[in-house]
Amino acid sequence: LGDSDMKAAAVVALIVLAACQRSPMGQAAARGKIVIVRAQCGACHEIPGVFAANGLVGPPLAGFGRRTMIAGMLPNTRDNLVLWLRYPQKITPGNAMPDTGLSEAEARDVAAYLDGLR
């Protein structure tokens with residue numbers, strides 16, 4: 001590839017990236033990443049794209065968006081993930097994941113980020 005081809009490819013990549021950040025789902029995922037850091041989810045999980053998220057207590061979350069089940073119990077839907085993120089102890093009492101204290105909106109944003117991990 002020549003210089004002009006490389007520049008054109010870079011411009012296209014930047015346009016696509018900017019469009020993703022402007023889309024509602026892109027914005028939700030970006031907010032979700034912030035919530036993940038603030039809630040310290042990485043203390044227990046390895047989470048791609050999140051600095052220092054290298055915990056080994058819970059499962060690694062790479063490819064989460066392709067999974068069919070949440071915690072081996074719930075079909076992987078956005079609504080089920082929000083419930084799991086907010087109330088894991090109500091769903092499976094005594095499991096290793098604590099109730100997070102996330103609001104509905106925060107859990108939806110985290111779900112958007114996790115769904116993007118494909």
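Reader: Which side chains meet R108 in a salt bridge, and how is such a pair read?

Author: Side chains of opposite charge can pair when their charged atoms come close. A salt bridge is counted when a side-chain nitrogen of Lys or Arg lies within 4 Å of a carboxyl oxygen of Asp or Glu. In this predicted model, the side chains of R108 and D79 meet in a salt bridge, at 2.8 Å from N to O. R108 lies in helix α5 and D79 in helix α3 (residues 78-86), so the pair ties together parts that are 29 residues apart in sequence.

Reader: How are helices and strands assigned?

Author: They are DSSP runs, numbered from the N terminus: helices are H or I with at least four residues, strands are E with at least two. The protein chain has 5 helices and 2 strands. Their order from the N terminus is α-α-β-β-α-α-α.

Reader: What does R86 pair with?

Author: R86 forms a salt bridge with E104, and their closest N and O atoms are 3.2 Å apart. This pair links distant parts of the chain, with E104 in helix α5 and R86 in helix α3, 18 residues apart. E104 is partly exposed, at 35% relative accessible area. D79, R86, E104 and R108 are linked in a network of salt bridges.

Reader: How many salt bridges does the structure hold?

Author: The structure holds 7 salt bridges. One of them joins R38 and E106, with the closest N and O atoms 2.4 Å apart. R38 lies in helix α2 (residues 24-38) and E106 in helix α5 (residues 104-115), so this pair ties together parts that are 68 residues apart in sequence. E106 counts as partly exposed, at 22% relative accessibility.

Reader: What rules lie behind the numbering and the values?

Author: Residues are numbered from 1 along each chain as its sequence is written, and side-chain values use heavy atoms, with hydrogens and water left out. Local features need pLDDT of at least 70 and side-chain atom pairs count only at pLDDT 80 or more, while totals for chains, interfaces and linings use all residues.

Notes:
Buried < 20%, exposed > 50% of the residue type's maximum accessible area, 1.4 Å probe, protein only.
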